[in-house]
Amino acid sequence: MTEDQKLLYISHFNLNFTSGSFRDCYQREFGRFPCPIDRFGLFEKIGIHDPFSFKNIVANPIYNFSNLSNNWQDRYVVTYEQVATKVYSTAGNRNIAVMYSGGIDSTAVLVALMQNPQYRDFLDSGRFRIALTSTSIHEYPEFFYRTILPNIPIEPTDYDALMQDDTTMLVTGDDGDHVIGNTDTPEFSNVDGYLMLPKSEIFPYFNNTDPSGLLAYTFDQLCNHAPFDVESVCQLYWWVGQCLEMQATMCRPYFWSHTDNLSDIATNQKVYRFFMDDLWNTFSFEYMSTNPTYNQVNSIRDFPRQYIVNYTGDSSYLNKSKVLSQKLVYRNMPKTRIYADLTYRFDTVRFNT
Amino acid sequence: MIDQIIVKTLVYQPTGHVVWMLTAAAGTESVITYIPNLDNTLDYKVYVGPRPTKFDIRKAFVNYTLIKDDTPGKISTGPLADHHLSAVKLSRAKCFAAQIIRNILKFQDEKHNTTTGPWAIDGLDLNIIAGPIKRYYNLNDVDAKKFAKFKQQEINLISSKINAAKLDAELRIMQAKTVEELLAQIELIKVYSMTNSEFNFKSLLVKNSCI
């Protein structure tokens, strides 16, 4: 395999797992959808064999742990504003299509874009629209019927058409749930505030999921390479997400469509992943370094929920639970492997890993 | 009638041997049946009559001796020449593949109610269908029609995507030159359809003497 032939992404649907391998253990804990990709090149350092040679395309975070903010929620709001401005400037003369799943992240993205001074220009000139499905409505119907339907053009989600339309830039809320904590964190304990338990408290849970101890070993070793001391369960799962989960999400629109043009896959030019912007990366690393207090998984969405409520005034939204609305959308997967030289292959090769 | 059977067959034209069949007690079969004749090169013939007593239809089918010719009410057996065997085996494998893939993709039609829901009607009148939407969601005329149009576009899009996937699957099956190529295409279609089915197509082909 040449340098260029390194994989960027591979679908888990096409894989067989060697019993007891890291990916086998990982799948048992996280399910079949995410394909863990070693963002920081840590596998080799901690002795995990990775037969795939994935090439990382997720940007390196830039952070400074000195002189950190005292008011994170304010900074959180300002980051929305700054990234929304970057979205409009990146779109330039192109149209914007917001990929709206109805979940907290895509709703927050939409709110940020709607509050930006450039929104009205884009909307009035017919360059702002929302791509959604019926399932996108059910998660927050009030927002759809009161805010979206009367004001913004809508169309059914069609990644194929949008990815092949050079006049349109997609905006997604992908990986919003990795900015603070990680919504995949298991509820492994009945202790109130279990997310703030010392990270070692979760290792018996891992050892139950994976009696070989490989999962616990890997996560423990990854923590040794974190940019700050990982103390809590919340920080541990956030760091695991940062290390392994971002790239698969990043590639989604490219393997959910037949597009041949992969040239912008590593950038935000064609698909602006709002929460993968450098500014969010910085916020995420700096905020999580403070080991912020969260009691349970639902509460780690407090910041985005509050951001949405500040716009809608609908305080009942603060108690809303996360719904996996994206999973309900019909789509197929035309590409199963994407390479670093931007070729792709849809095939039946099955790897052991 | 109860002693009668119906045998729907796809027949290899040069010899009349049955490539694919479906049997049922006469009168009990579904009115609309999917016949996996992808490129129309096989003859579609139907036998209705008493169950043969001199041979076992199923066994004759599996060992490639079952023949359905043009004579109504007649189904018989006879040897298949060796030089036709591989072509008939491949055709049979393709028929099974077409049926299996159709059932896999039918799951998506069912999930999305693309043929059974209130939006799945050609020429749906937006003014009429917007009525309940307007009342139920307390919308004005403009928003109700906008929503109705979206729903109609959505069901058309999903339906078209699923039909495109069906066509893609049929074309992949048709283009296979060998059973091995066909098996590879089936695996590909399974991935493409996101079913990740554990169904072992190869074992079905072995059971029906295609391999």
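So, how far apart do the C-alpha centres of domain 1 of chain B and domain 2 of chain B lie? They lie 28 Å apart. Before I go on, please keep in mind that this is a predicted model.

Let me stay with chain B for a moment. The domain assignment puts domain 1 at 4-80 and domain 2 at 84-207. Where the two meet, domain 1 of chain B brings 14 residues to the contact and domain 2 of chain B brings 13 residues. And what sort of residues are on the domain 1 side? There we get 11 nonpolar, 2 polar and 1 charged.

One helix to look at while we're in this chain is α3 of chain B, residues 126-137. It has 12 residues, and from the first C-alpha to the last it reaches 16 Å, close to the 16 Å expected at 1.5 Å a residue. Then, just after α3(B), you come to Asn138(B), which takes a positive phi of about 55°.

Okay, over to chain A. Here we have 15 helices and 10 strands. The radius of gyration of chain A is 20 Å, close to the 20 Å that the globule rule gives for 353 residues, so chain A is as compact as a globular protein of that length. If you want its extents, the C-alpha trace of chain A spans about 60 × 45 × 35 Å along its principal axes.

Now the sheet in chain A. It's an open one, with 5 strands in the order β5-β4-β3-β6-β7, and the pairing is parallel. At the edges stand β5 (154-156) and β7 (271-273) of chain A; each has a single partner strand, so one side of each is left without a neighbour in the sheet. From one strand to the next, the twist averages 30°.

Let's zoom in on one pair. Strand β6 of chain A, residues 168-172, runs parallel to β7(A), and 3 bridges join them. Which residue in β7(A) does Thr172(A) stand opposite? That would be Arg273(A). Packing on this sheet is helix α3 of chain A, residues 72-91, which touches β3 (95-99), β6 and β7 of chain A. The direction of that helix makes about 160° with that of β6(A).

Last stop, the place where the two chains meet. Chain A gives 18 residues to the contact and chain B gives 23 residues.

How values were computed. Residues are numbered from 1 along each chain as its sequence is written. Chains are lettered from A and ligands numbered from 1 in the order in which they are written. This is a predicted model: local features need pLDDT of at least 70, side-chain atom pairs count only at pLDDT 80 or more; totals for chains, interfaces and linings use all residues. Helices (H or I, at least four residues) and strands (E, at least two) are DSSP runs, numbered from the N terminus. The expected span of a helix is 1.5 Å times one less than its number of residues. Domain bounds come from an automatic or database domain assignment. Two residues are in contact if their C-beta atoms, placed from the backbone, lie within 7 Å. Ala, Val, Leu, Ile, Met, Phe, Trp, Tyr, Cys and Pro count as nonpolar, Asp, Glu, Lys and Arg as charged, and the others, Gly among them, as polar. Two strands pair if DSSP finds at least two bridges between them. Axes are lines fitted to C-alpha atoms, for helices over the stretch in contact, and angles run from 0 to 180 degrees between N-to-C directions. The radius of gyration is taken over C-alpha atoms; the globule rule is 2.2 Å times the number of residues to the power 0.38.
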